[in-house]
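This report looks at a ligand site and at a sheet, taking the sheet first.

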Amino acid sequence: MKRLTDSAFDQEEDEKESSLRPKTLEEFQGQQEIKSNLAVFIQAARERKESIDHIFLSGPPGLGKTTLAGIVASEMGAEFKVTSAPALEKPKDLAGILTTLAPGSVFFIDEIHRLKPSLEEMLYTAMEDYELDWVIGQGPSARSIRIPLPSFTLVGATTKAGLVSGPLYSRFGISIRFDYYSVSELVQIIHRSSDILHIRIDPDAAELLAQCSRGTPRIANRLLRRMRDFAQVLGSGVVTLSVVSEGLERLKIDHFGLESHDREILRIIIEHYGGGPVGAETLAISVGEGIDTLEDFYEPYLIQRGFLKRTPRGRMATPLAYEHLGFKRPDHENQGILF
Ligand code: ADP
């Protein structure tokens, strides 16, 4: 079965999701503090007829970083250009985009922590002076020219803020950290999406779905569509509490929102590594997952819900993880020493 993290799944599902993507700040649910600050920055920039300052967005996947960048563009009445750092291989790839931006554009670079150093350096003058340092020729005859750029707003997004270099980070005037959404915020998102998709859902069903969505709007929307399928084929078409309970059971998602793969990660730490600590790379290999997926998708939620601890010596399962998986709690005195 496809998992919620599969990237092919991501793309396919996100295409279907475009109708659900909020287009204005008002439609963007939850994250009140982020929204109210951003509304001020947008209004101020519009009144001064300037581009809004460069924006750094960090936080786990699916929380609305791309969506918010698009909203900034539409609220500013500006063009929105999207790329991701791994797609930018050579300086000319980045220069090609920067030199063809319409004035005032919002330029979004996803996974900005993966930008190559030579491209990162190019961004420094682009961000600071709206100029590009471009080297012509090679060897002793090489010379550098400065190409003026239109003013623009760079929005850099990352799931790994710690990997972004100091010099790059310091050039962003606005930094926003996304946290997981609360259950009540996710309930609002589920109701909004159900209205758009003409899905009838009972309030208690929406509440349960929200609890099991890992604090993540993208997952809430996906689960909603799956529940619509179950309601249509197995029920009366209405997403009721019993449809959601049965649907989640079939998808092996528990009431904390953990998938079977999350439980597998915890089980492996407990059974194979005596509860930890175990290094992230070893763990990734043991669970058959890429280290990035483990660190960006699985771990933050497991840590936030108190199932996993990151220590300098590696990852450890918490007593709550033992309890949730039905293992006997370890003797704390010995935990970790034998391994
Ligand atoms: P990220 O860039 O952080 O991975 P996205 O911006 O692609 O996340 O968001 C994933 C999906 O979740 C969007 O298509 C959108 O439908 C939904 N979404 C995200 N944030 C919100 C929000 N605050 N309100 C409503 N829907 C949201």
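## Strand pairing and the sheet

Two strands are taken to pair if DSSP finds at least two bridges between them. In this predicted model, strand E3 (residues 106-110) meets that criterion with strand E6 (residues 153-158), the two pairing in the parallel sense over 4 bridges. Within this pair, Val106 stands opposite Thr153 in E6.

The pair belongs to an open sheet of 5 strands, which run in the order E2-E3-E6-E1-E7 with parallel pairing. Strand E2 (80-84) and strand E7 (174-177) each have a single partner strand and stand at the edges, so one side of each is left without a neighbour in the sheet. On average, and with direction ignored, neighbouring strands of this sheet are turned by 15 degrees against each other.

## The shell around the ligand

The ligand is surrounded by 18 residues, of which the closest are Glu17, Gly62, Lys65, Thr66 and Thr67. By class, this shell has 8 nonpolar, 6 polar and 4 charged residues. Domain 1 (12-177) and domain 2 (183-250) each contribute at least three residues to the shell, and at least two come from each of helix H3 (65-76) and helix H9 (217-234).

## Backbone contacts and burial

A polar backbone atom of Gln29 lies 2.9 Å from a nitrogen atom of the ligand. Oxygen atoms of the ligand also face the backbone: one is 3.3 Å from a polar backbone atom of Leu63, and a backbone N or O atom of Lys65 is 2.9 Å from an oxygen atom of the ligand. Taken alone the ligand exposes 560 Å², and the protein buries 97% of that.

Definitions and conventions
Residues are numbered from 1 along each chain as its sequence is written. This is a predicted model: local features need pLDDT of at least 70, side-chain atom pairs count only at pLDDT 80 or more; totals for chains, interfaces and linings use all residues. Side-chain values use heavy atoms; hydrogens and water are left out. A residue is near a molecule or strand if one of its heavy atoms lies within 4 Å of it. A polar contact is a pair of N or O atoms within 3.5 Å; within protein, one must be able to donate a hydrogen and the other to accept it, and residues adjacent in sequence count only if both atoms are side-chain atoms. Accessible areas come from the Shrake-Rupley method with a 1.4 Å probe; for residues, only the protein chains shown count as cover. Ala, Val, Leu, Ile, Met, Phe, Trp, Tyr, Cys and Pro count as nonpolar, Asp, Glu, Lys and Arg as charged, and the others, Gly among them, as polar. Domain bounds come from an automatic or database domain assignment. Axes are lines fitted to C-alpha atoms, for helices over the stretch in contact, and angles run from 0 to 180 degrees between N-to-C directions.
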